[in-house]
Structures are given as C-alpha cells and as structure tokens.
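Student: Hey, I've got this structure open and I'm a bit lost. Can we go through it together?

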2 protein chains.
Amino acid sequence: VTADGDETDAPTSVRETVGRRTSRGQRSVAELTERAQSGEPRAVARLISLVEDASPSLREVAERLAPHTGRAQIIGLTGAPGVGKSTSTSALLTGLRQAGKRVGVLAVDPSSPFSGGALLGDRVRMQEHATDADVYIRSMASRGHLGGLAWATPQALRVLDAAGCDVILIETVGVGQSEVDVAGLADTTVVLLAPGMGDGIQAAKAGILEIGDVYAVNKADREGADQVVRDLRSVINLGARDGVWRPPIVKTVAQTGEGVDDLMEAIEKHRAHLEETGELSARRRRRARREIEAIALTTLRERFGDLGGHADLESLGAEVAAGRLDPYAAADRLLAAL
Amino acid sequence: VTADGDETDAPTSVRETVGRRTSRGQRSVAELTERAQSGEPRAVARLISLVEDASPSLREVAERLAPHTGRAQIIGLTGAPGVGKSTSTSALLTGLRQAGKRVGVLAVDPSSPFSGGALLGDRVRMQEHATDADVYIRSMASRGHLGGLAWATPQALRVLDAAGCDVILIETVGVGQSEVDVAGLADTTVVLLAPGMGDGIQAAKAGILEIGDVYAVNKADREGADQVVRDLRSVINLGARDGVWRPPIVKTVAQTGEGVDDLMEAIEKHRAHLEETGELSARRRRRARREIEAIALTTLRERFGDLGGHADLESLGAEVAAGRLDPYAAADRLLAAL
C-alpha cells in the first residue's frame with residue numbers, strides 16, 4: 001500500500017477534510033492512532049503527514065504512539081546514486097514479504113522511484129508492492145519546515161513502528177552529506193556499492209566505510225565486481241575494530257534477486273550480534289537522545305522567531321551584516337533574550 | 001597558496017606550536033587577525049583551523065574580524081558529481097586572477113580535488129594556483145564537532161573576507177541534501193549541469209532549479225548539451241518569478257576555458273542586479289541571521305550535554321527508547337532543565 005497522499009476516507013474535498021479534521025480535534029488523533037495501530041493504511045498515511053507538516057497535534061500523536069514503539073527492526077540502505085539502492089530495497093522487500101514480515105519503506109532519496117523520481121522499470125516493480133496490504137511505502141519530502149527531514153524522519157519511523165511493521169527499510173542517498181543520517185537511525189546499515197561506480201578508495205574517502213554494518217556489492221554479474229569486493233575487504237580489514245563486528249560483504253544482483261537471501265542472512269546475523277552484545281538497546285538509546293535533542297533545538301529555534309515579533313533576530317542580523325557586531329556576540333544577545 | 005594545514009612559521013614540532021599558541025593567549029589572536037588582514041597566508045590558515053576546531057579563541061577571532069568583513073563577493077558553485085565542478089572552479093579562478101582579483105576558494109566537497117579526493121589531472125591544475133600568493137585554497141573538513149560544516153563554513157568565509165579576498169568561491173556538492181546550503185551562503189549561486197548526467201526533469205525534482213542564479217551547462221562540446229540547455233530553459237521559463245531575475249544559461253567547456261568569460265559576465269550581471277534591487281544586503285542580512293541562529297543553537301546544544309553531567313539527556317533517552325516517554329515530552333523536560 002502506498003501511503004502517499006491518499007488521505008481521504010470519503011471523496012470529500014481537501015477543504016472539507018481539513019475542516020473535519022480540525023473540528024474533531026483531539027478525538028481525531030486518538031482515533032487515528034488506534035486505527036494506525038490496527039494497521040489501517042490511510043490512518044498511517046495521515047499520521048505521517050501530520051508528522052511531516054509539523055502539525056500542532058504532533059505531540060499528542062507522539063504521546064499516544066510511544067507505548068507501541070520499539071518493536072520494529074530498522075534497516076538502512078545507502079550508497080551512491082547508481083549502485084541500485086531502489087532495486088535492492090525492492091528485492092529485500094520481496095524477500096521479507098516471503099518471510100511473512102510486515103514491512104515499511106521510508107524513501108529519503110529524491111532520486112528514488114519510491115519518491116516518484118526514477119525510471120519507469122523501477123516504478124513498475126514498486127507497483128507490485130503497492131497492492132500488498134502488509135507493505136507501507138512512504139517517500140519523505142522535505143516540506144521546508146524547521147529541521148526538515150532530519151527531524152521528521154524519526155517521527156515517521158515511530159508511526160510505522162507503532163503500526164506494527166516488523167521491519168522498516170530506510171533508503172537514503174549521500175552518505176556523510178545527507179540530511180538524514182541513516183546510520184544514526186538504523187539498527188543495521190547496509191552500504192551498497194557496485195562495479196564501475198568509482199573505486200574503493202573514493203568510497204573510503206567519502207566516509208562510507210565507517211558506517212556499514214553489512215556491505216552489498218550489487219550488480220555482481222558485471223565486470224569488476226570481484227575487484228570491488230577485494231578492495232572493500234582490504235579496507236575493512238584495515239579498520240576492523242577489535243574483531244567485535246567485522247562487516248560481511250555480500251554479492252548481489254538485486255535485479256534478479258540473486259544473493260538477496262545472503263544479504264538477509266547477513267542482516268540477521270548483525271541483528272543477533274547487536275542483541276547479544278547489548279548494542280541494540282545502546283543504539284536505540286542513542287537514537288532517542290538525538291531525537292530529543294533535535295526536538296528541543298527546533299522548539300528553541302521557533303522561540304527565536306517569536307522574540308519581539310522577529311525583531312530581535314532581524315536587528316541582530318542587520319548589525320552582523322554591517323560588521324558592527326560579530327555573530328557570537330549576537331548569539332549571546334539572542335540567548336539572553338530567551 | 002594552499003591554506004591547508006601548513007600552519008607553522010618556524011620548523012617547530014606540532015607540540016611546540018600548540019604550546020606556544022596557548023602561552024601567547026589573547027595576544028596571539030590579535031596578532032593572527034592583524035597578519036591575516038594583511039594577507040599573510042599562514043595566519044589565514046591558522047584562523048580557519050581555529051574556526052574548524054571550534055577553538056575557545058573563536059569568539060575573539062570573530063570579534064576582531066567583524067569590522068573587516070562584508071567586502072568579498074561570494075560565489076557558490078554546485079551540481080551533481082561529474083558535472084565538472086572542480087574544473088569549473090579552477091577555470092573561474094584563472095579568469096578572476098586575470099582580472100586582478102584576490103580569490104579565496106572553500107571546497108566543501110569531499111570528492112573535490114581541492115580536498116585531495118580526485119583525479120591526478122585536476123590536482124595538477126590546482127597546483128598552478130597553489131603557488132599564487134593572491135589565491136587561498138582551503139578544503140573544509142567536518143571535524144565532527146557540534147554543528148559541523150554548516151557551522152564552520154560561514155566562519156571560514158569571514159576569515160577569507162577579512163583577509164582581503166575580493167571574491168570567494170565555495171564549491172559544494174549535493175544540492176538539497178548537502179550539509180552546507182551553498183545558496184544560503186552565496187551572493188550568486190552557479191548551478192552546473194552537464195550532458196549525460198540525467199535529464200533536466202530529474203534536476204528539477206532534486207530542487208536544483210530553485211537555487212540557481214546562473215546556470216552553466218558544462219562539457220558543452222559533448223553530445224546532448226543543447227538538449228540540456230533547452231530542457232533547462234523550459235523549466236526556468238515555467239518558474240520565472242515575475243521577470244525579476246531570469247537566470248541565464250551559459251555553455252562552458254571548463255577544461256579548455258571556453259565560455260568561462262560568459263560565465264563571469266553572467267555572474268557580474270547578477271551581482272549588479274542584486275545591488276540595484278537592494279537584494280544583496282537583504283541576502284547578507286538573511287545569511288547573518290542564519291549564522292547567529294546556528295551559533296545560538298550550538299551553544300544550547302552544548303548546554304544540554306552539561307546538564308547534570310550528561311545525566312539528564314542520558315536518562316531521558318533511555319525512557320524514550322523504552323517507550324515510557326515520548327520524545328516531545330522528553331524535550332520539554334530537557335528545556336525546563338536549561
């Protein structure tokens with residue numbers, strides 16, 4: 001089920017829907033969260049929209065969802081454009097469905113077919129999943145509010161978690177530079193590489209080799225795949241952290257499904273390792289801390305805007321732009337006015 | 001002059017240098033800023049390092065630099081990997097030097113040859129500029145402190161500005177997803193495209209067409225360049241904002257320098273437009289506000305860490321991870337403890 005935009009139960013106009021939602025007030029949120037928990041896709045979609053739009057009812061949503069969160073396994077997929085992230089996401093989705101899992105997909109990648117941005121072939125593949133009632137697919141769009149995706153994505157994860165997803169796949173692009181730090185969100189981060197996409201040394205420079213719990217060399221039927229595996233292995237061996245967890249390298253051809261079972265097995269092994277070592281709950285506490293911090297900072301930022309009807313930040317900005325004040329001194333004044 | 005790392009005047013050890021710097025205390029910053037203003041490259045390099053490392057003397061640096069800032073023209077260059085950002089930066093640098101300008105380059109792109117990450121040919125080209133006393137080249141590396149590049153880059157701009165750069169080029173990658181929002185930093189943002197890098201529609205989706213003041217279709221000697229120009233033009237015409245500023249499209253072959261004069265002319269026209277309409281100072285005030293806000297938020301974030309020796313955020317994180325508290329309620333408690 002594609003959880004994008006289709007938010008009306010009845011064929012009412014947008015205006016009516018909004019009006020109805022407002023007039024229902026608090027009760028509507030209680031209903032929505034209950035319906036989302038029972039897995040109703042429209043309720044899930046609506047809750048994620050509330051989250052994305054930073055709706056005032058967000059707090060109530062969060063409060064009601066909290067007791068039902070913490071169950072889902074969160075798997076991040078990342079890699080440079082062209083390595084086959086979306087095809088791999090789709091192949092994993094198929095595998096997880098065959099294993100009977102309820103799966104959520106969050107695409108935080110503007111070039112992803114989940115976000116409607118890519119090749120027709122990919123989109124057709126996604127359509128298969130779109131008719132599956134135990135699959136939620138959602139693309140996250142930065143709607144320009146404070147904090148953007150970095151802030152909305154963890155909340156969307158909570159919605160899918162509370163909605164009973166066993167596994168949530170987050171697909172994102174641009175390791176290190178990305179607005180959404182997938183390694184910070186996921187229990188297991190899968191880094192995808194492919195032959196012909198630049199050598200392993202470049203990947204290392206981009207920091208991609210610091211975040212992978214599992215590596216998949218996709219398009220493994222192409223020339224150069226073994227070289228990518230070798231390069232990767234030597235870099236991983238160099239950086240092996242006391243043998244605690246040595247990230248496995250799996251070869252896949254996501255297009256045909258080849259190697260996807262191995263990938264799933266590697267992810268499961270990592271998951272077991274996290275549980276055995278207590279690292280799973282440590283990661284989740286860390287994630288929660290970051291989330292709290294992001295919300296607190298967003299709240300403070302909103303307060304800056306409210307100080308004297310924007311006047312303070314306005315006039316401080318003018319002073320700094322004119323060179324009459326340095327930005328640190330200006331920040332001190334802003335904080336003093338809080 | 002490459003302003004990377006070479007920070008010692010005398011061949012002393014790193015340890016000695018650090019020691020000396022500390023013992024000199026305040027006086028050292030006064031000296032450094034004076035020497036930077038007179039254009040001494042080592043002083044410039046050292047100040048940028050202080051900024052990157054979030055040194056405690058940062059505040060004094062900012063205070064001393066403030067009266068000397070606001071002069072430099074700031075030009076941002078961005079585009080997908082492979083469009084020729086670094087070659088274009090280098091070509092612009094050559095053109096600006098021929099026009100007698102003192103130029104600073106900030107590379108906020110891990111794949112840039114300025115950051116040491118790319119092809120040998122590019123690096124050789126950069127070397128030419130590295131021996132030029134009126135060129136400062138600096139790659140920004142995220143050193144993992146709070147706020148990262150988003151926070152350090154504006155401060156590095158201030159250093160180069162105060163050091164008497166007429167023009168500062170910021171090269172960055174990953175529009176929309178990038179940690180450093182080049183459009184927010186620059187007076188003029190140049191968006192680079194190239195044939196064979198995906199069509200104009202994808203560029204539009206990625207938001208790249210919302211931030212360009214000037215577009216350069218690089219590698220214009222390759223097949224498909226005219227199509228990129230046509231696609232781009234139709235999208236730009238669609239989004240034309242009341243004819244206020246219609247972003248020009250320039251064809252370049254940065255490798256040979258072809259079209260670089262046209263690009264410089266387009267940038268100058270945009271600059272003149274900004275001055276005529278008062279938009280230049282509006283942009284700069286906006287930039288200053290964002291800078292103040294980022295500093296204030298970083299300060300607050302540091303305070304979160306100090307609350308009860310990390311204990312508060314720690315225990316709140318554990319509560320949220322366990323589903324006993326929602327992250328909004330946790331953020332409220334954190335803010336109440338501030």
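Predicted model: local features only at pLDDT ≥ 70, side-chain atom pairs only at ≥ 80, totals over all residues.

Student: Is β2(B) enclosed or open to the outside?

Tutor: Largely enclosed by the rest of the structure, because 6 of its 6 residues are buried. Both faces are covered: Val103(B), Val105(B) and Ala107(B) are buried on one side, and Gly104(B), Leu106(B) and Val108(B) are buried on the other.

Student: What's the strand order in the whole sheet?

Tutor: In chain B the order is β3-β2-β4-β1-β5-β6-β7, an open sheet of 7 strands with parallel pairing. β3(B) and β7(B) stand at the edges with a single partner strand each, so one side of each has no neighbour in the sheet. On average, neighbouring strands are turned by 20 degrees against each other, direction ignored.

Student: What holds strands together in a sheet, in general?

Tutor: Strands pair through backbone hydrogen bonds, either parallel or antiparallel.

Student: Which helix lies across β1(B) to β5(B)?

Tutor: That's α5(B), residues 85–98. Look at its direction too: α5(B) runs at about 175 degrees to β4(B).

Student: Let's switch to α3(B). Is that one mostly covered or mostly uncovered?

Tutor: Mostly covered, with 10 of its 12 residues buried. Among them are Ala43(B), Leu47(B), Ile48(B) and Leu50(B). The helix covers residues 41–52 and reaches 16 Å from its first C-alpha to its last, close to the 16 Å expected.

Student: What happens just after α3(B)?

Tutor: Ala54(B) takes a positive phi there, about 50 degrees.

Student: New topic: chain A. What's in it?

Tutor: Chain A has 14 helices and 7 strands. It has 338 residues, and 54% of them count as buried. Looking at contacts in chain A with a separation of 6 or more, residues 24 or more positions apart account for 75% of them.

Student: I clicked on Leu316(A). Where does it lie?

Tutor: In helix α13 of chain A, residues 311–321. Leu316(A) is buried, with a relative accessible area of 6%, and the cut-off for buried is under 20%.

Student: Which residues is Leu316(A) in contact with, leaving aside its neighbours within four places in sequence?

Tutor: Leu325(A), Ala330(A), Arg333(A), Leu334(A) and, from chain B, Ile292(B). Pro327(A) is 11 residues from Leu316(A) along the chain, and their C-alpha atoms are separated by 8.5 Å.

Student: Ile292(B) is in the other chain! How much area do chain A and chain B bury between them?

Tutor: About 4800 Å², with 66% of it on carbon and sulfur atoms. The contact takes 55 residues from chain A and 54 residues from chain B.

Student: How many salt bridges are there between chain A and chain B?

Tutor: The count is 6. One to find is Glu314(B) with Arg289(A), whose side chains meet at 3.5 Å, N to O.

Conventions. Residues numbered from 1 in each chain as written. Chains lettered and ligands numbered in written order. Heavy atoms only, no water. Helix = DSSP H or I, 4+ residues; strand = E, 2+ residues; numbered from the N terminus. Expected span 1.5 Å × (residues − 1). Buried < 20%, exposed > 50% of the residue type's maximum accessible area, 1.4 Å probe, protein only. Pairing = 2+ DSSP bridges. Axes fitted to C-alpha atoms, helices over the stretch in contact; angles between N-to-C directions. Contact = heavy atoms within 4.5 Å. Buried area = accessible area lost by both parts, 1.4 Å probe. Salt bridge = Lys/Arg side-chain N within 4 Å of Asp/Glu carboxyl O.
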